[in-house]
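Welcome, and take a moment to turn the model around on your screen. The paragraphs below will walk you through it piece by piece.

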Amino acid sequence: MAERTYDHGAQNERTALAWTRTALALLVGVVLATRLAAEPLGPAAVVFGLVVAPVAVAVLLLARRRYRRSHEALHADRALPDGKLPGLVALVTLLLAALEIAYALG
């Protein structure tokens, strides 16, 4: 029997669950930060929430797609998906940090 690079364990499933938790945490963080910053920052905080919350939802949807693509790639011995999703998570995190800094200074 030939060796395969795919391990029949649950690594891909655990990774998908971690991405889901991360996306949900980002979404909750964006909503709460927007709510807290709404009074001191006014419409800027609301605009932030309206722009960044859908990006956090996109992370959640892209995580599901990444799971499917990884699952298919592992079974077909193809290359795994690229690193665009971690970049999107980093972007949302940086935008959230910018709102928090504006809140602290405002």
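Let's begin at F48: apart from neighbours within four places in sequence, F48 is in contact with V30, T34, A53, L95, L96 and L99, where contact means heavy atoms within 4.5 Å. What you are looking at is a predicted model, in which local features need pLDDT of at least 70 and side-chain atom pairs count only at pLDDT 80 or more, while totals for chains, interfaces and linings use all residues. Residues are numbered from 1 along each chain as its sequence is written, and side-chain values use heavy atoms, leaving out hydrogens and water.

Together with V30, F48 has the most contacts inside the largest nonpolar core, which has 18 residues. Such a core is a set of buried Ala, Val, Leu, Ile, Met, Phe, Trp, Tyr and Cys residues joined through side-chain atoms within 4.5 Å; buried means under 20% relative accessible area, exposed over 50%, and partly exposed in between, using a 1.4 Å probe and protein chains only. The elements giving two or more residues to this core are α1, α2 and α3, and α2 gives the most, with seven residues. Helices here are DSSP runs of H or I with at least four residues, and strands are runs of E with at least two, numbered from the N terminus.

Now move to α3, which covers residues 84-105. In α3, L85, V89, V92, L96 and L99 are buried. They cover an arc of only 85 degrees around the axis, so they sit on the same side of α3; the arc is taken from the directions from the helix axis to the C-beta atoms. The buried residues of α3 pack against α1 and α2, while the face turned away from the buried side carries the exposed residues K84, L94, I101, A104 and L105.

Between α2 and α3 there is a loop, and D77 lies in it. Most residues other than glycine have a negative phi. D77, however, has a positive phi, near 55 degrees. At 46% relative accessibility, D77 counts as partly exposed.

Finally, look at S70 in helix α2, residues 43-76. S70 is buried, with a relative accessible area of 8%. Leaving aside neighbours within four places in sequence, S70 is in contact with N12, L80 and P81.

Conventions. The expected span of a helix is 1.5 Å times one less than its number of residues.
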